[in-house]
Amino acid sequence: MRSNQKFFLKSKSLPVDKFFSNVLYNFKFGYYSNVYPFGKKGDFVTAPTLSKLYSEMISIWIISTWEIFGKPKNINIVELGPGDGSLIKILLNISKKFPKFNSAKKIYLFEQNNFLKKIQKRKINDSNIKWIKNFSTLKDGPVIFFGNEFFDAIPIKQFQQINDSIVEKYFILKKDTQIIETFKKAKKSDISLIKSYKVLKEQKFIEFPKSGLNILEKVSKTISRLKGCLLMIDYGYLKPNNQNTLQSVMNNKKNNLLENLGKADITYHVNFSLLREFFQKKNLKVKKVITQKDFLKNMGILERAEIIAKNMLFREKTNLYLRLKRLLSPKLMGNLFKVILAFKFEKSDYFGFR
Ligand SMILES: C[S@@+](CC[C@H](N)C(=O)[O-])C[C@H]1O[C@@H](n2cnc3c(N)ncnc32)[C@H](O)[C@@H]1O
């Protein structure tokens, strides 16, 4: 075992979320502090790093939502977990074609990782963009939050229901060399939180995104305060089925969860029914959750592809087609990725969901 693997379990016993938070985000040995993860040469491909068309669709969605909000003079736009900054770069370019939106927009990036922050700053290279640690600084005008593969990157807790009691999964260090899992009695506050969700009632194995929901609590409060919405796209499902969905990838291939700690990315599949119930508890309205394929097609991605393909060489067209296929095919990202929109606003005729 490499010495830094042991480092991730220094305290010898950690719940799943704390352990993987260390593995992914520890400022010294954490995955996101050392590895450039995106693209073919990295460990995984995300939609904005796969295709400009995706970022264009999201940019058009943001601008159309500003129009639905009545073209306010100030609009706050917050990207949650901006990765390598690809999406905002495209939004900035497209904004130039919409002068009123361009002068109304205030763009904020919510990123906890200093290594990625540097990459974002270099790529975006625009002094008007601000990086924020909390949302209380947002003022004047409604807010549009957006996050692609943000929620699935925030470590979750795992619980098991045994008869009437709920136990939490921990990782422990055995004989100072081997990482194994064990279960301990869950905290009372966590048990009552879990029991407050109808969608988790029948589950024997429960994945609970406690840290992620803490962030979404702040997002929801900001939306209620300023009016606005949150659009999130992630790998996930609607019907929970006692799944353990934690997964590890390295070099675009599956990796054993407890191997290559700090060198592989670890994510899980988002429970969209839980998110829907969460937002409803926070008094936000929620659109019917749809697939990435339906959302992008509703936004006109195929028509846009046809237009740009007109002046392309055959080789470029093939490349465009392969990337589109990956985004839209039901067996690839098309159905596996889902889109949720939570909002507080009088109007509800958002593009992409019509
Ligand atoms: C899988 S990457 C997705 C990046 C980008 N949105 C994309 O689709 O290419 C997850 C992003 O969320 C950020 N992130 C994860 N947890 C976070 C947290 N608690 N607060 C802020 N950013 C976080 C990561 O550092 C990274 O930028």
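Author: Two strands pair if DSSP finds at least two bridges between them, and strands (E, at least two residues) and helices (H or I, at least four) are DSSP runs numbered from the N terminus. Here, Val249 has Asp265 in S13 as its bridge partner. The strands concerned, S11 (residues 247-250) and S13 (residues 265-267), pair in the antiparallel sense over three bridges. This is a predicted model, in which local features need pLDDT of at least 70 and side-chain atom pairs count only at pLDDT 80 or more, while totals for chains, interfaces and linings use all residues. Residues are numbered from 1 along each chain as its sequence is written, and side-chain values use heavy atoms, with hydrogens and water left out.

Reader: Which residue stands opposite Val249 in S12?

Author: Lys254 does. S11 and S12 (residues 253-255) are joined by three bridges in the antiparallel sense. They form a hairpin with two residues between the strands, where Asn251 takes a positive phi near 50°.

Reader: How many bridges join S7 to strand S8?

Author: Eight bridges join S7 to S8 (residues 178-185), and the two strands run antiparallel. Lys169 stands opposite Phe183 in S8. S7 and S8 form a hairpin with three residues between them, and Lys175 in that turn has a positive phi of about 50°.

Reader: Which other strands pair with S7?

Author: Strand S6 (residues 157-162) is joined to S7 by four bridges and runs antiparallel to S7. Ile162 has Ser165 in S7 as its bridge partner. S6 and S7 also form a hairpin, with two residues between them, and Asn163 in the turn has a positive phi of about 50°. Strand S1 (residues 13-15) is antiparallel to S7 as well, with three bridges; there, Ser13 stands opposite Ile172.

Reader: Why is S7 described as largely enclosed by the rest of the structure?

Author: The idea rests on relative accessible area: buried means under 20%, exposed over 50%, and partly exposed in between, with a 1.4 Å probe and protein chains only. Seven of the ten residues of S7 (residues 165-174) are buried, so the strand is largely enclosed by the rest of the structure.

Reader: How is a helix read in these terms, and which residues of H2 are buried?

Author: An α-helix has 3.6 residues a turn, so residues three or four places apart point the same way. Helix H2 (residues 16-25) is mostly covered, with seven of its ten residues buried. They are Val16, Asp17, Phe19, Phe20, Val23, Leu24 and Tyr25.

Reader: What class does Ser196 fall into by accessibility?

Author: Ser196 has 32% relative accessibility and therefore counts as partly exposed. This residue lies in the loop between helix H9 (188-195) and strand S9 (205-208). Ser196 and Phe278 are 82 residues apart in sequence, yet their C-alpha atoms are 10.0 Å apart in space.

Reader: Which residues come nearest to the ligand?

Author: A residue is near a molecule if one of its heavy atoms lies within 4 Å of it. Of the 21 residues around the ligand, Tyr25, Thr46, Gly81, Glu111 and Asn148 come nearest. By class, this shell has twelve nonpolar, six polar and three charged residues, where Ala, Val, Leu, Ile, Met, Phe, Trp, Tyr, Cys and Pro count as nonpolar, Asp, Glu, Lys and Arg as charged, and the others, Gly among them, as polar.

Reader: Where do polar atoms of the protein lie relative to the ligand?

Author: A polar side-chain atom of Glu111 lies 2.5 Å from an oxygen atom of the ligand. A polar backbone atom of Gly81 is 2.7 Å from a nitrogen atom of the ligand, and a backbone N or O atom of Gly83 lies 3.1 Å from an oxygen atom of the ligand.

Definitions and conventions: A polar contact is a pair of N or O atoms within 3.5 Å; within protein, one must be able to donate a hydrogen and the other to accept it, and residues adjacent in sequence count only if both atoms are side-chain atoms.
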